[in-house]
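User: I would like to learn how to read a model like this one, feature by feature. Please start with confidence.

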Amino acid sequence: MATSSSSIAGDAATSPGTDEQPRVVLSARGLRRDFGGFVAVNNVDLDVHHARVHALIGPNGAGKTTVFNLLTKFLQPSSGTIRLLDHDITRTDPAKVARMGLVRSFQISAVFPHLSVLENVRVALQRPGGLATQFWLPLRALNRLNDRAMALIESVGLQDACNSPAADLSYGRKRVLEIATTLALEPRVLLLDEPMAGMGHEDVHIVSDLIREVARDRAVLMVEHNLKVVADLCHQVTVLQRGEILTSGDYRSVSQDARVREAYMGTEDD
């Protein structure tokens, strides 16, 4: 990941305030994952707090997505423990973890392009609405979800496109729609994997504002390469390098750490 010293340290003053932290809703202790003889994640401790945005950053190959996959149970840890809302979920399957309130997005936008914005959100609402497995119901049964779907669509600012195919949205607005569909699952903890990837400046601003609003009543953990976004949005930053935590703290302290600068930019001798 290419950046400059100014992008590492220059925006530290804009980092969110560090008020007294609320309760921990997702935590990991001693998290490790081996792939044969390769240790992808080693001894990771992580605390994610309610109503806070927590960034997981690091150079390419640092293990960020592997940590995400471990926390959401797409991968089982080789050792260590994971707790969600005071429940041990170390060996819990991904579907149950999602029902408990831990929901994630992926790097590639996951919307149905030929369905409208409204239909995409209605699909997401079927499980919490108890309709996901009731295949015998007529299509009009989904109309009961319209009010809730429209409320979600309005909350993310897509009401002007509610009847438009998702394929017609800009890339940034597709990511906004994806966040709306994850919110339909009523998450307590929301994990966002590179939500700003590939976006222009205007879309980055829109999605940043949405994440800030979403985090008012839930925890957000995000992998993000855009350090200006991290500086502006995140209360806590954890830096990974070669699968291990290099440092953790608010953006100001992390950005001034010489080890972080070296991890991102190398040394003069490199």
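Analyst: pLDDT is the predictor's confidence in each residue, from 0 to 100. Helices (DSSP H or I, at least four residues) and strands (E, at least two) are DSSP runs, numbered from the N terminus. A contact means heavy atoms within 4.5 Å. The chain average is 85, and 82% of the residues score at least 70.

User: Which other stretch stays under 50?

Analyst: Residues 129-139 do, and the model has 8 contacts for them beyond four places in sequence. Where pLDDT is low, the predicted coordinates should not be read in detail.

User: What conventions apply to the rest?

Analyst: Residues are numbered from 1 along each chain as its sequence is written, and side-chain values use heavy atoms, leaving out hydrogens and water. This is a predicted model, in which local features need pLDDT of at least 70, side-chain atom pairs count only at pLDDT 80 or more, and totals for chains, interfaces and linings use all residues.

User: How many helices and strands does the chain have?

Analyst: There are 10 helices and 10 strands. Of the contacts with a separation of 6 or more, 67% join residues 24 or more positions apart.

User: How do I read a sheet?

Analyst: Start with pairing: two strands pair if DSSP finds at least two bridges between them. Then read the strand order.

User: How many bridges join strand 1 to its partners strand 2 and strand 4?

Analyst: Strand 1 (residues 24-35) runs antiparallel to strand 2 (residues 38-49), with 8 bridges. V24 stands opposite H49 in strand 2. The two strands form a hairpin with 2 residues between them, and G36 in the turn has a positive phi of about 65 degrees. Strand 1 and strand 4 pair over 5 bridges, also in the antiparallel sense. There, A28 stands opposite I82.

User: How is burial judged?

Analyst: By relative accessible area: buried is under 20%, exposed over 50%, partly exposed in between (1.4 Å probe, protein chains only). Buried residues make up 50% of the 270 in the chain. In helix 2 (residues 64-71), 7 of the 8 residues are buried, so the helix is largely enclosed by the rest of the structure. The buried residues include V67, F68, L70 and L71. Just after helix 2, K73 takes a positive phi of about 75 degrees.

User: What covers the buried residues of helix 4?

Analyst: Helix 4 (residues 117-125) is mostly covered, with 7 of its 9 residues buried. The cover includes helix 5 (146-155) and helix 6 (171-183).

User: What is the strand order in the 6-stranded sheet?

Analyst: This open sheet runs 6-7-8-3-9-10, with mixed pairing. Strand 6 (102-104) and strand 10 (244-249) stand at the edges with a single partner strand each, so one side of each has no neighbour in the sheet. Neighbouring strands are turned by 20 degrees against each other on average, direction ignored. Strand 3 (residues 53-57) and strand 8 (residues 219-223) run parallel, joined by 4 bridges. V53 has V220 as its bridge partner in strand 8. Helix 6 packs on this sheet, touching strand 6 and strand 7 (189-193), and its direction makes about 155 degrees with that of strand 7.

User: M199: buried or exposed?

Analyst: M199 counts as buried, because its relative accessibility is 14%. Its place is in the loop between strand 7 and helix 7 (201-214). M199 and Y171 are 28 residues apart in sequence, yet 6.9 Å apart in space, C-alpha to C-alpha. Not counting residues up to four places away in sequence, M199 touches Y171, G172, R175, V204 and V207.

How values were computed: Axes fitted to C-alpha atoms, helices over the stretch in contact; angles between N-to-C directions.
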